[in-house]
Each structure stands twice: as C-alpha cells, then as structure tokens.
Amino acid sequence: MNVNIRVAILGGFVFILLVTMFFRSCSKPPQKGAQVYEKKCADCHGANGEGFRNLIPPLNNADFLDQHADDFACIVAYGIDDTIVVNGVTFHQPMAGIPELNEVEIANVANYVYEQWSTSKKKFSPKEVETRIANCE
C-alpha cells in the first residue's frame, strides 16, 4: 500500500477519533451533574427533587431555587442551618454541606438541578461557583 494512502487513512482515523472524543466530552457535564445529584443529594431531596414530607424541602419547582440562586454553591458546600420557606412551607431541618465536592462538581450538580427543576434554567460555571464559595457568609 502506498505511504500516502496509509497516512491519509491514519489521519482520517485520528480525525474521527478526535471528533468523537470532543462530542462525547461535550455531553458529559449534565451526566456528571446527575451522577453527583444521585450520589450526594437524592437520598434526602428525592430522585425527582420531590423532597421528603415536611422535613426535607423539594427542589422540583421550588421557588427557593430561583430566589436564592446566588447562594446555591454555598449551600451545597457548607450546608444551611436556618429555617427556610419553600413554596409556602416552612422547613427547619438543617442540611449538612458537602465540602468534598470541588467547584466543577458543584457547577455540574447546580446545572443539573436548575435545568431539571428550576423555572429560571440558570447556568453556573466552575469559575462562578469558585467566586461564590470564596464569598460565602
């Protein structure tokens, strides 16, 4: 086989491989957000963000999400030990933070939660999450 043909075939194969890897990596953040949610959040907030009775607040269609989007990263990282009102229901149960999550994981789970259940569909970048966490009160 001619060397030019071999190089062309190899080049085509490498190009297809790179394009495939690029498109696969573009689809992973929502999956990763769903995975983080499933592992770290779903036990309390429910598989569909429905919450648990009047103990754990829902995330699904929760007015609190849109009203407190700027606080989401801090709540995930450090928790919340305050009474909150979600959709007119008062919740007193504290939420432990998940400090082992990094900025990318928090951004991924935030994007998953807001895409799935928020009316605002807000998007979070890892840089924005990093800035928010650095300024948590």
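What pLDDT does the chain average, and what share of the residues score at least 70? This is a predicted model, and its chain averages a pLDDT of 85, with 79% of the residues scoring at least 70. Where pLDDT is low, the predicted coordinates should not be read in detail.

The secondary structure consists of seven helices and four strands. Along the sequence these elements follow the pattern α-α-α-α-α-β-β-β-β-α-α. The chain has 137 residues, and buried residues make up 31% of them. Of the contacts between residues at least 6 apart in sequence, 54% join residues at least 24 apart.

A disulfide is a covalent bond between the sulfur atoms of two cysteines. The count for this model comes to one disulfide, formed by C74 and C136, whose sulfur atoms lie 1.9 Å apart. The link of C74 and C136 is left-handed, with -95 degrees about the S-S bond. C74 sits in helix α5 (residues 72-78) and C136 in the segment after α7, so the pair, 62 residues apart, links distant parts of the chain. The two partners are described separately by their accessibility. C74 counts as buried because its relative accessibility is 14%, under the 20% cut-off. C136, with a relative accessible area of 23%, is partly exposed.

C41 is in no disulfide, because the nearest cysteine sulfur, that of C44, is 8.6 Å away and a disulfide needs a pair within 2.5 Å. C41 is buried, at 13% relative accessible area. For C44 the nearest cysteine sulfur is that of C41, 8.6 Å away, and C44 is likewise in no disulfide. The relative accessible area of C44 is 45%, so this residue is partly exposed.

M95 lies in strand β4 (residues 95-96). Although M95 and C44 are 51 residues apart in sequence, their C-alpha atoms are 9.4 Å apart in space. Leaving aside residues up to four places away in sequence, M95 touches H45, I75, V76, G79 and I80. Is M95 buried, exposed or partly exposed? With a relative accessible area of 27%, M95 is partly exposed.

The last stop is the packing of two helices. Helix α6 covers residues 103-117 and helix α7 residues 126-134; they pack at an angle of about 110 degrees, with their axes 8 Å apart. That angle makes α6 roughly perpendicular to α7, because angles from 65 to 115 degrees count as such. Which residues meet where α6 contacts α7? From α6 come E103, V104, I106 and A107, and from α7 come P126, V129, E130 and I133. By class, this contact of α6 with α7 has six nonpolar and two charged residues, and no polar ones.

Terms used. Residues numbered from 1 in each chain as written. Predicted model: local features only at pLDDT ≥ 70, side-chain atom pairs only at ≥ 80, totals over all residues. Heavy atoms only, no water. Axes fitted to C-alpha atoms, helices over the stretch in contact; angles between N-to-C directions. Parallel < 35°, antiparallel > 145°, perpendicular 65-115°, else oblique. Contact = heavy atoms within 4.5 Å. Nonpolar A, V, L, I, M, F, W, Y, C, P; charged D, E, K, R; others polar. Buried < 20%, exposed > 50% of the residue type's maximum accessible area, 1.4 Å probe, protein only. pLDDT = per-residue confidence, 0-100.
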